[in-house]
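Subject: Structure for your review

Dear colleague,

Please find below the structure that I am handing over to you, followed by an account of what was found in it. I would be grateful if you could read the two side by side.

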Amino acid sequence: MTHPDKEDNQIPSGRSLQGIGVSPGIVAATVVVLKRQTLRTGWYHLPADHIEKEVDRFAGAIKAAGDELLHLREKLADDLADALSIIDSHLLMLKDRMMVERTMALIRNNNVNAEWALAQALSEIKERFDRIDDPYIRERFADIKHVADRVFDLLSGREHGPLSGEDQPVILVANDFSPEDTLRMQASSVHGFLTEKGGITSHTAIVARSLGLPAVVGIEHATSLLTTGDLIILDGGSGRITLHPEPAELQRVQEGNRQDRLLAEELDHYVHLASETMDGFTVRLSANIETLGELPAVLRFGSEGIGLFRSEFDYFNGRRPPSEEQLLSTYQQLLATMAPYPVTVRTLDVGGDKFLNRFPGNKAWLDRERNPALGLRSIRFSLYERDLFRSQLRALLRASVHGRLRILLPLISAPVELRQVKAIVAEVLAELAGEGLPVAEDVEIGMMVEVPSAVVMADVFAAEVDFFAIGTNDLIQYSLAIDRGNQYVAHLYEPFHPAVLRMIQQTVEAGHARNIPVSLCGEMAGDPLCAPVLMGMGLDELSMRPAVVPRVKRLLRHCRSEELRRIAQQTLQCGDSEQVRDLLARELPHLYPREFYQG
Amino acid sequence: MRAEQVVVIGNERGIHGRVATRLAGMAASHGVHLFLRHGEETVECSSILDVLALALARGTAVGLVAEGAQAESALAAAIEIINAQDDSDHDPPG
């Protein structure tokens with residue numbers, strides 16, 4: 001495509017760049033490219049009577065950098081706990097003997113300038129860190145470099161200018177930003193940033209997420225591909241950068257953001273309306289939560305139940321596993337608050353070794369697993385640590401008289417697991433009856449469909465359970481063999497892969513053939529592009545973050561069921577995810593223009 | 001006063017940045033010198049880089065030595081820090 005007003009001679013083929021989205025949100029703005037000068041490591045010899053002055057100059061720069069960090073720390077809101085901890089670690093690095101004492105010794109022993117000595121000290125530290133096998137710890141050298149870079153700047157007399165002098169909204173582009181840079185972007189005209197370096201676990205990414213600042217990292221050569229003044233759309237969720245967007249694309253983003261702002265007021269209206277299509281086809285919209293603290297939001301946004309209660313929080317909250325009474329208290333409140341709506345509680349869904357080793361008193365330490373995603377986790381762990389599982393089941397069943405309980409079993413991959421669980425449930429029920437403790441009659445037991453074998457065998461499983469809940473995050477990971485936390489393959493994680501869509505459809509059909517409801521509780525459920533397809537496939541329930549429920553409900557209320565079914569059927573015929581996206585980009589905005597702004 | 005104990009690191013990610021930061025802060029607030037001993041090497045926790053450079057993974061046995069008036073309570077606090085989990089560990093791998 002051509003742009004009469006702009007020659008995109010620097011842009012390689014295509015009009016988009018793909019990076020790693022590390023902090024969601026879509027923004028359109030012109031970019032400001034920041035390039036670091038690398039003039040810092042000049043060497044010069046000092047006369048003997050200048051040595052102590054040079055040491056003082058270095059100490060002054062360290063002090064100034066420390067004061068800046070303290071100043072930044074004071075301004076931070078207390079709820080930014082991650083950012084506070086990162087600044088604390090940077091303060092320690094700044095004072096570290098490997099940084100300070102070593103640099104001073106180098107100045108004194110070699111009669112050299114502070115910049116050269118610091119660069120030397122830094123390369124010694126780098127050498128040590130390069131030898132570390134653990135990638136997570138080795139990655140911390142990025143932090144050390146951020147800290148040292150600031151000292152270099154102060155030594156060369158460069159003050160912190162504002163990151164952007166513009167009044168207009170901008171997107172900053174640089175090789176890398178430090179967590180502190182990111183914090184300084186807050187409350188300025190910076191609406192997002194992108195970098196060449198970094199990964200999803202970098203401290204800079206963590207800070208961006210906690211600030212809600214859209215960010216994309218890992219775009220090689222971004223500072224040379226982009227020029228200050230270029231207009232781009234940055235999608236911090238998908239990691240996609242659109243260069244020189246068409247006016248229509250831009251308008252969609254602006255319209256989307258405008259709608260987001262208006263949404264809160266407008267959506268209030270939908271909170272109390274039924275979640276049904278124009279022709280009366282209903283889909284239950286429920287919430288995914290993990291703590292009781294989220295219940296007010298669930299009710300405020302009009303969810304009709306909890307589609308996924310992640311029960312891990314109680315287990316990670318103390319120094320030993322929770323008691324049955326403690327769990328009972330959580331489940332009672334949960335069920336009573338949501339009654340008469342159903343509450344789906346997923347039983348403990350953890351990796352075994354990680355979990356057990358939390359409790360130092362526990363004798364049953366497991367060996368580190370080579371492949372935890374395929375290891376002793378979720379239901380496998382519950383069947384291994386049966387006392388823990390029984391205690392959770394007892395608490396759940398005892399709480400069941402306070403509302404409508406659905407027990408959800410994660411990671412079921414073979415019928416034998418289901419039979420084992422049922423045998424334990426029967427024992428627990430007999431125990432409770434013997435103790436005179438009442439249990440509701442209508443407790444349902446269902447399974448997560450999140451492993452390919454569960455999809456293939458869905459017709460068999462459907463005869464054994466009361467409901468299916470499709471967990472798309474894991475289903476996509478296991479069926480496409482993609483670890484979405486791995487920056488090299490994360491871009492292949494694709495909800496619209498036709499294999500994923502077909503597996504969802506197959507599960508729905510198998511469930512309905514046995515008259516059991518099928519829900520879906522991955523991120524797809526709350527995505528305005530995915531939700532209509534899922535509705536068209538006949539899912540009975542979509543479970544999502546509480547805050548997106550009104551938006552999906554509005555979407556549903558503007559649809560007709562036969563159109564949704566037609567679109568869903570067409571997506572199932574597509575050969576690849578691009579075709580699916582093209583189809584949806586064509587069909588959905590046309591049908592429901594007010595709902596869509598992303599192409 | 002001097003208190004000493006060998007502990008096995010229970011934290012999933014070993015002694016990473018946040019743990020090292022907490023150890024240094026705790027030692028300073030207790031007014032003690034806190035040392036980590038691993039194999040031949042002994043480092044003082046006041047240097048976060050020394051501690052990180054040991055790259056202590058989960059399951060590694062390390063000697064903890066605290067010196068100072070509050071050595072005992074500092075040692076207990078250090079053990080707790082070393083075995084605490086991050087919030088980020090809430091998420092199972094899938």
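In chain A, strand 9 (residues 284-289) and strand 16 (residues 541-544) run parallel and are joined by four bridges. Within this pair, Ala287(A) stands opposite Met544(A) of strand 16. Please bear in mind throughout that the model is a predicted one.

The two strands belong to a closed barrel in chain A, whose eight strands follow the order 9-10-11-12-13-14-15-16 with parallel pairing. From one strand to the next, the twist averages 25 degrees. Helix 12 of chain A packs on this sheet, where it touches strand 10, strand 11 and strand 12 of chain A. The direction of helix 12 makes about 150 degrees with that of strand 11 of chain A.

**Helix 12 of chain A**

Helix 12 of chain A covers residues 324-338, 15 residues in total. From its first C-alpha to its last it reaches 21 Å, close to the 21 Å expected at 1.5 Å a residue. Its buried residues are Leu327(A), Thr330(A), Tyr331(A), Leu334(A), Leu335(A) and Met338(A). Viewed down the axis of helix 12 of chain A, these buried residues fall within an arc of 120 degrees, so they line one face of the helix. Their packing partners in chain A are strand 10 (306-310), strand 11 (342-346), helix 15 (386-399) and strand 12 (404-409).

**The open sheet of chain A**

Chain A also holds an open sheet of eight strands, in the order 1-8-7-3-4-5-6-2, with mixed pairing. Strand 1 (16-18) and strand 2 (20-23) of chain A are the edge strands, and each pairs on one side only. Here the twist averages 30 degrees from one strand to the next.

As a matter of background, strands of a sheet pair through backbone hydrogen bonds, either parallel or antiparallel. Strand 3 (residues 26-33) and strand 7 (residues 231-235) of chain A run antiparallel, joined by five bridges. In this pairing, Ala29(A) stands opposite Ile232(A) of strand 7 of chain A.

Helix 8 (residues 203-211) of chain A lies across strand 2 and strand 6 (215-217) of chain A. Its course is at about 55 degrees to strand 2 of chain A.

**Lys422 of chain A**

Lys422(A) is found in helix 16 (residues 415-434) of chain A. Lys422(A) and Val465(A) are 43 residues apart in sequence, and their C-alpha atoms are 9.8 Å apart in space.

Chain B has three helices and four strands, which run β-α-β-β-α-β-α from the N terminus on. Of its 94 residues, 44% count as buried. Among the contacts in chain B with a separation of 6 or more, residues 24 or more positions apart account for 70%.

In the contact between the chains, 27 residues of chain B meet 34 residues of chain A. Helix 1 (17-30) and helix 2 (48-53) of chain B each supply at least two residues of the side that touches chain A. That side of chain B divides into nine nonpolar, 12 polar and six charged residues.

With kind regards

Technical notes:
Residues are numbered from 1 along each chain as its sequence is written. Chains are lettered from A and ligands numbered from 1 in the order in which they are written. This is a predicted model: local features need pLDDT of at least 70, side-chain atom pairs count only at pLDDT 80 or more; totals for chains, interfaces and linings use all residues. Two residues are in contact if their C-beta atoms, placed from the backbone, lie within 7 Å. Ala, Val, Leu, Ile, Met, Phe, Trp, Tyr, Cys and Pro count as nonpolar, Asp, Glu, Lys and Arg as charged, and the others, Gly among them, as polar. Two strands pair if DSSP finds at least two bridges between them. Axes are lines fitted to C-alpha atoms, for helices over the stretch in contact, and angles run from 0 to 180 degrees between N-to-C directions. The expected span of a helix is 1.5 Å times one less than its number of residues. A residue is buried if 20 or more other C-beta atoms lie within 10 Å of its own, exposed if 12 or fewer, and partly exposed in between; C-beta atoms are placed from the backbone. The arc is that of the directions from the helix axis to the C-beta atoms.
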